[in-house]
Amino acid sequence: MSERIRGRLGRYRRFAPVAVTMTLFFLAYLYGALAYDAMRDPQVFLNMLRAMPFLLISAIGMTFVIVSGGIDLSVGGVVALTTVASAALLRGNGMDPWLVMALMLLMGMAFGAAMGFFITYLKVQPFIATLAGLWVARGLCFFISDPAIPIRNRLYEVLSGTKLLIPGLADPVTKQGEFVSILVVVELVILVVAIFVAHYTGFGRSVYAIGGNELSARLMGLPVNRTKMLVYTLSGLCSALAGIALSIDVGSGHGSYAMGMELTVIAAVVIGGTLLTGGVGYVFGTLFGVLVIVVIQTLIQFNGQLS
């Protein structure tokens with residue numbers, strides 16, 4: 001085998017985990033379409049996209065953290081805290097909803113930056129620092145309110161109930177078009193932006209370099225400390241944005257929301273081909289990692305006999 005062919009195989013081999021995940025998703029969906037007639041409806045796939053905004057958004061932030069060689073266990077807590085804090089601020093004739101969303105994003109970034117500071121400058125292990133962040137966030141949820149807080153805000157209701165019709169997918173019987181929600185558009189926009197940031201910016205290249213070998217990245221003169229701080233700040237931002245998406249979807253806030261979500265998010269990222277050791281992974285693969293989890297849940301629902 002010539003050196004040129006061997007080099008091409010080496011370049012393509014790095015895409016193998018993503019290709020396997022994509023194949024797994026398509027096989028699972030094909031099985032569902034063959035086993036259940038209703039799953040052939042295009043709206044079923046669109047409903048899968050509607051069910052995953054908060055999971056995909058948080059998984060995107062987690063991808064950057066894991067690629068950098070870290071871990072973030074605070075995701076579920078920050079998501080829950082965002083729902084509770086949003087609901088509390090919107091209760092009654094509360095604050096302007098756009099201002100509430102902006103404050104929640106700032107809160108998520110501050111939370112992530114605080115954990116990043118402990119990890120980067122105080123040399124606390126990411127597992128310990130983010131686990132502490134998880135429990136602090138959960139504790140703040142129940143400090144704000146023990147029972148669930150309903151959200152009765154016109155903007156949240158509009159964002160939750162608006163249907164965006166998909167051209168060319170009209171049902172031949174009902175003559176009604178297939179649709180997605182606004183949150184689906186938001187998650188896809190964030191996905192595209194994240195792919196660009198990961199692969200076409202200096203920040204993204206620094207994240208991969210740090211995950212591959214942090215000492216080598218320092219010797220190359222890369223801003224290691226600043227990049228690690230930004231990675232955890234970005235993760236906090238994505239968690240807060242996921243919390244906003246969840247609060248819009250369910251219309252309330254409670255400290256028990258997103259319980260154990262951090263493990264699901266990490267699983268989706270790893271299924272998507274990102275190595276827990278860092279340095280290897282793709283945001284696009286995370287999309288299919290989330291889709292694999294969602295299609296499994298969909299198959300369980302269609303089966304009707306599995307827990």
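## A guided tour of the helix packing

Begin with helices α6 and α12, whose crossing is right-handed (that is, the near helix is turned clockwise from the far one by less than a right angle). Helices (H or I, at least four residues) and strands (E, at least two) are DSSP runs, numbered from the N terminus. The model is predicted: local features need pLDDT of at least 70, side-chain atom pairs count only at pLDDT 80 or more, and totals for chains, interfaces and linings use all residues. Residues are numbered from 1 along each chain as its sequence is written, and side-chain values use heavy atoms, with hydrogens and water left out.

**The α6 and α12 pair.** Select residues 97-120 for α6 and 224-250 for α12; the two helices pack at an angle of about 145 degrees, with their axes 7 Å apart. Axes here are lines fitted to C-alpha atoms, for helices over the stretch in contact, and angles run from 0 to 180 degrees between N-to-C directions. On the α6 side, the residues that meet α12 include M101, M104, L105, G108 and M109; among their partners in α12 are N225, K228, M229, Y232 and T233. Contact means heavy atoms within 4.5 Å. By class, the contact of α6 with α12 has 14 nonpolar, seven polar and one charged residues. In this count Ala, Val, Leu, Ile, Met, Phe, Trp, Tyr, Cys and Pro are nonpolar, Asp, Glu, Lys and Arg are charged, and the others, Gly among them, are polar.

Next, select T233, which is placed in helix α12. T233 counts as buried at 13% relative accessibility; buried means under 20% relative accessible area, exposed over 50%, and partly exposed in between (1.4 Å probe, protein chains only). Leaving aside residues up to four places away in sequence, T233 touches M109, G112 and A113.

**Helix α13.** Select residues 261-271 and colour M261, E262, V265, I266, A268 and V269, which are buried. Seen down the axis of α13, these buried residues fall within an arc of 160 degrees, so they line one face of the helix; the arc is that of the directions from the helix axis to the C-beta atoms. They pack against α4 (53-67), α5 (75-90), α7 (126-144) and α14 (283-303). After α13 comes G273, with a positive phi near 105 degrees.

**The nonpolar cores.** Show F25, M52, I60, V290 and L291, the residues with the most contacts inside the largest nonpolar core, which has 57 residues. A nonpolar core is a set of buried Ala, Val, Leu, Ile, Met, Phe, Trp, Tyr and Cys residues joined through side-chain atoms within 4.5 Å. Apart from this core lies another, of 23 residues, among them V78, M104, M115 and C141.

**Helix α10 and M220.** In α10 (residues 202-212), select the buried residues G204, S206, V207, Y208, I210 and G211. Their cover includes α4, α9 (182-200), α11 (214-219) and α12. Then move to M220, in the loop between α11 and α12; M220 is exposed, with a relative accessible area of 58%.

**Two positive phi values.** Most residues other than glycine have a negative phi. K123, in the loop between α6 and α7, has a positive phi near 60 degrees and counts as exposed at 56% relative accessibility. A258, in the loop between β4 (252-253) and α13, has a positive phi of about 60 degrees and counts as buried at 16% relative accessibility.
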